[in-house]
Amino acid sequence: MIVRDFNELKNTDKAVSDARWTSVRMLLANDGMGFSFHITTLEAGSEHQFHYKNHFESVYCISGSGSITEVDTGKTHQIKPGVMYALDQHDKHILRADEELVMACCFNPPVTGTEVHQADGSYAASS
Ligand code: 9YT
């Protein structure tokens, strides 16, 4: 069994930050679960374009409020606690945090922890 505490990991190298978001990686590829599990916090007022071409991702809102826009259709969905979205089509999307958003995220395949966002908003496929 693996048991980890967000409040301990947030002060270690398992906490990764980029422009206006921080993500604590609770599970990574080398944990052998077949998915990675992250708690991502997006700053109030921030906007992010992501496109996980090489991963499926599902995201559950723990706290905060904002919206997600599907770039291909222009459709926007409100995000609030209890809402989940799953990028089952590797959907290119824009995420907006009206208030600070805290999200629980799963990636399949799992991220290794060393990925950085490429210019197109994706993470490279792990080798
Ligand atoms: C909310 C969201 O898309 N989170 C993605 C995960 C985060 N960018 C990370 O852990 O790399």
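Modeller: Strands (E, at least two residues) and helices (H or I, at least four residues) are DSSP runs, numbered from the N terminus. This is a predicted model, in which local features need pLDDT of at least 70 and side-chain atom pairs count only at pLDDT 80 or more, while totals for chains, interfaces and linings use all residues. Residues are numbered from 1 along each chain as its sequence is written, and side-chain values use heavy atoms, with hydrogens and water left out.

Biologist: How far is a polar side-chain atom of Tyr123 from an oxygen atom of the ligand?

Modeller: Several side chains bring an N or O atom towards the ligand, and in Thr40 such an atom is 3.4 Å from a nitrogen atom of the ligand. In Arg25 an N or O atom of the side chain is 2.6 Å from an oxygen atom of the ligand. For the polar side-chain atom of Tyr123 and a ligand oxygen, the distance is 2.4 Å.

Biologist: Which residue forms a salt bridge with Asp31?

Modeller: A salt bridge is a side-chain nitrogen of Lys or Arg within 4 Å of a carboxyl oxygen of Asp or Glu, and a search of the whole structure finds 4 of them. In the one that involves Asp31, the closest N and O atoms are 2.9 Å apart. Asp31 lies in the loop between strand 2 and strand 3, whereas its partner is in the segment before helix 1 (6-9), so the pair ties together parts that are 27 residues apart in sequence. That partner is Arg4.

Biologist: What is the omega of the cis peptide bond that joins Asn108 and Pro109?

Modeller: Most peptide bonds are trans. Pro109 lies in the segment after strand 10, and the cis bond joining Asn108 to Pro109 has an omega of about -5°.

Biologist: What is the phi of Arg20?

Modeller: Most residues other than glycine have a negative phi. Arg20 is found in the loop between strand 1 (15-18) and strand 2. Although Arg20 is not a glycine, its phi is positive, at about 70°.

Terms used
Polar contact = N/O pair within 3.5 Å; in protein donor to acceptor, adjacent residues only side chain to side chain.
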